[in-house]
Amino acid sequence: MSRVNGDKATRKDKCVGIIGCGWLGSALAKELINQGCQVSATRSREESVNELSAQGINTHLLFIPTEQEALNKHRIFDCQQLVIAITPQLRQGRIDYPEKIKQLIQAAEQSNAVKQIILLSSSAIYNGLSGDVTEEVPLILSADKVQLLHEAEQAALAFAQADGQRCAYVLRLAGLVGDSRHPGKFLVGKNKTLADGDAAVNLIHQQDAVGLILALLNTNAASGIFNGVSNTKANKREYYQRAAQALSLPEPVFSKQETKTDTRVVNGDKAQRLLSYQFVYPDLLSWL
């Protein structure tokens, strides 16, 4: 699944909890189970719980925000390592993402079991920026979505302790693609001319997202923030037209009269260097 130098296996005497076990989380759960690890997962709907349980993933119902005392008693907080993979739902107009993360962190702090938290965040936190973007760049908190994502990230990072007894990581994932989420289908049905064709694509394959999470579960690196993004060098026009061609679908049409685009390229060097991770799909043009 992943290429991590040394092929260090996740500690099999501990439980990994996945909060919000959706498309990415279920792929992670299956890989951990294949490695012989104990996995516990949550979903917010009963039908989703039943669906994952039928796939052999130990899954429980969890809906947040909720009453804190009840949340503190949820069995997911018996796990030593937690991956928080809930979606912010910012496009749906939700603004309670930071509140949800704060509730989860408070419950983890009340637990005597949880020692590590990994929050799956988004490279959308770099909205408003241009050029080569690393984890250290100052954020534009007034830009769309940024303040909410930043507040959630800071809540997660506050779980860490200076003595190393507890650690916390934020993985800022770029746009996710995979065999069941092919980019050639992303713009199907868009019956209009699209803008920003010259903007860079920032994407990561599901398999590499899982690989980076596995690397974080096993790292001795100091708590902090990591970008999760491939090294694909292409603009949106080139990439999505090539992706449509790969599936023999109509190519999306981009405006020929482009306004100047301040293109943003998310830099993923830190994760590859400090986590000793080698991408399975470094170039998502070749993957098409």
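Before we look around, one term: contact means heavy atoms within 4.5 Å. Helices (H or I, at least four residues) and strands (E, at least two) are DSSP runs, numbered from the N terminus. What you see is a predicted model, where local features need pLDDT of at least 70, side-chain atom pairs count only at pLDDT 80 or more, and totals for chains, interfaces and linings use all residues. Residues are numbered from 1 along each chain as its sequence is written, and side-chain values use heavy atoms, with hydrogens and water left out.

Let's start with the sheet. Seven strands form an open sheet with parallel pairing, in the order E4-E3-E2-E5-E6-E8-E11; two strands pair if DSSP finds at least two bridges between them. At the edges sit strand E4 (59-61) and strand E11 (224-228), each pairing on one side only. Inside the sheet, E2 and strand E3 (residues 38-43) run parallel and are joined by five bridges.

Helix H2 (residues 46-54) lies across E3 and E4, at about 170 degrees to E4. Such angles run from 0 to 180 degrees between N-to-C directions, using axes fitted as lines to C-alpha atoms, for helices over the stretch in contact.

Finally, the inside. The largest nonpolar core has 40 residues; such a core is a set of buried (under 20% relative accessible area, 1.4 Å probe, protein chains only) Ala, Val, Leu, Ile, Met, Phe, Trp, Tyr and Cys residues joined through side-chain atoms within 4.5 Å. Ile84 touches Ile19, Ile101 and Leu104, among others, not counting residues up to four places away in sequence.

Terms used
Buried < 20%, exposed > 50% of the residue type's maximum accessible area, 1.4 Å probe, protein only.
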